[in-house]
Amino acid sequence: MDEMVHVKGIAHAFGEERVLKNIDMAIAEGEIFGLLGPSGAGKTTLVKIMVGILEADEGETWVKDVQMPSLQQMKVVGYMAQSDALYDELTAEENLDFFGAIYGLKRKERKERMRNVMEVVGLQDHLRKPVSQYSGGMKRRLSLAIAMIHEPDILILDEPTVGIDPMLRQSIWQELQRWQERGTTIIVTTHVMDEAEKCNRLAMLRNGYVIATGSPDVLRAHTNTTTLEEAFLAYGGATS
Ligand SMILES: Nc1ncnc2c1ncn2[C@@H]1O[C@H](COP(=O)(O)OP(=O)(O)OP(=O)(O)O)[C@@H](O)[C@H]1O
């Protein structure tokens, strides 16, 4: 199986604070890969480096054999940030159209995919509404739809289901699994254990270090624990 994302010896600091310390990670094509860790562990910083919007102080990041940051790889990656990057004064349809055009989609393609991704996130009836009238959860869902509009090979989602109700969260995960079946690689940050459970493999992060990597079953088996929470603690993941 091909490697989609390869991170080698990544280190990064903000001022004096060393946020990532010697991170190595390889993510294969078609995996759902989770970055699990408490707030401040460095998950967002790491995904920003993978996406290419932040350059690490040390190390290399490769996405499909191209070294990041790379403008060319923008079309390969769909990124959903933790804070929504939406145009409030535009409608959802106009936002999707704008981002679709940036990714080089033709008008007809944009129309078709718009409908499709808005159904995935349950917003098909709100296409014409200005984003300023969206709730926080609706904005999250629209951000996910935007990350998906160009059908990227790799979806990188930073806490995609925060603020989304359990029913919709479940249906979004089902859709992510369908995308995976079609070959999409999905990288997702979370601190929710039941979401981590849905990942094929996980990297557990704490204080800028990867403390363990493996499938949920392997991580539990290695630590002789029954839950991922217990496994995280057994690997030294106390949050204090
Ligand atoms: N732009 C920045 N400038 C200064 N410090 C930053 C910046 N971005 C992140 N940090 C710091 O880096 C550390 C790691 O932050 P990061 O957002 O990567 O963690 P996280 O694991 O994603 O946390 P959360 O789950 O709360 O999103 C934190 O201590 C944070 O304060």
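## The sheet

In this predicted model, strand β1 (residues 3–14) pairs with strand β4 (residues 58–63) in the antiparallel sense, over five bridges.

The pairing of β1 and β4 belongs to an open sheet of four strands, in the order β2-β1-β4-β5, with antiparallel pairing. At the edges are β2 (17–28) and β5 (66–67), each of which pairs on one side only. In general, the strands of a sheet are joined through backbone hydrogen bonds, and the pairing is either parallel or antiparallel.

## The helix across the sheet

Helix α1 covers residues 43–51 and lies across β1, β2 and β4. Relative to β1, helix α1 runs at about 125 degrees.

## Two crossing helices

Helix α2 (residues 92–102) and helix α3 (residues 107–120) have axes that come within 10 Å and cross at roughly 125 degrees. Because of this angle, α2 is oblique to α3. The crossing of α2 and α3 is right-handed.

Which residues of α2 and α3 meet? From α2 come Glu93, Leu96, Asp97, Gly100 and Ala101, and from α3 come Arg110, Arg113 and Met114. By type, the residues of this contact between α2 and α3 divide into four charged, three nonpolar and one polar.

Methods: Residues are numbered from 1 along each chain as its sequence is written. This is a predicted model: local features need pLDDT of at least 70, side-chain atom pairs count only at pLDDT 80 or more; totals for chains, interfaces and linings use all residues. Axes are lines fitted to C-alpha atoms, for helices over the stretch in contact, and angles run from 0 to 180 degrees between N-to-C directions. Angles under 35 degrees count as roughly parallel, over 145 as roughly antiparallel, 65 to 115 as roughly perpendicular and the rest as oblique. A crossing is left-handed if the near helix is turned anticlockwise from the far one by less than a right angle, and right-handed if clockwise. Two residues are in contact if their C-beta atoms, placed from the backbone, lie within 7 Å. Ala, Val, Leu, Ile, Met, Phe, Trp, Tyr, Cys and Pro count as nonpolar, Asp, Glu, Lys and Arg as charged, and the others, Gly among them, as polar. Two strands pair if DSSP finds at least two bridges between them.
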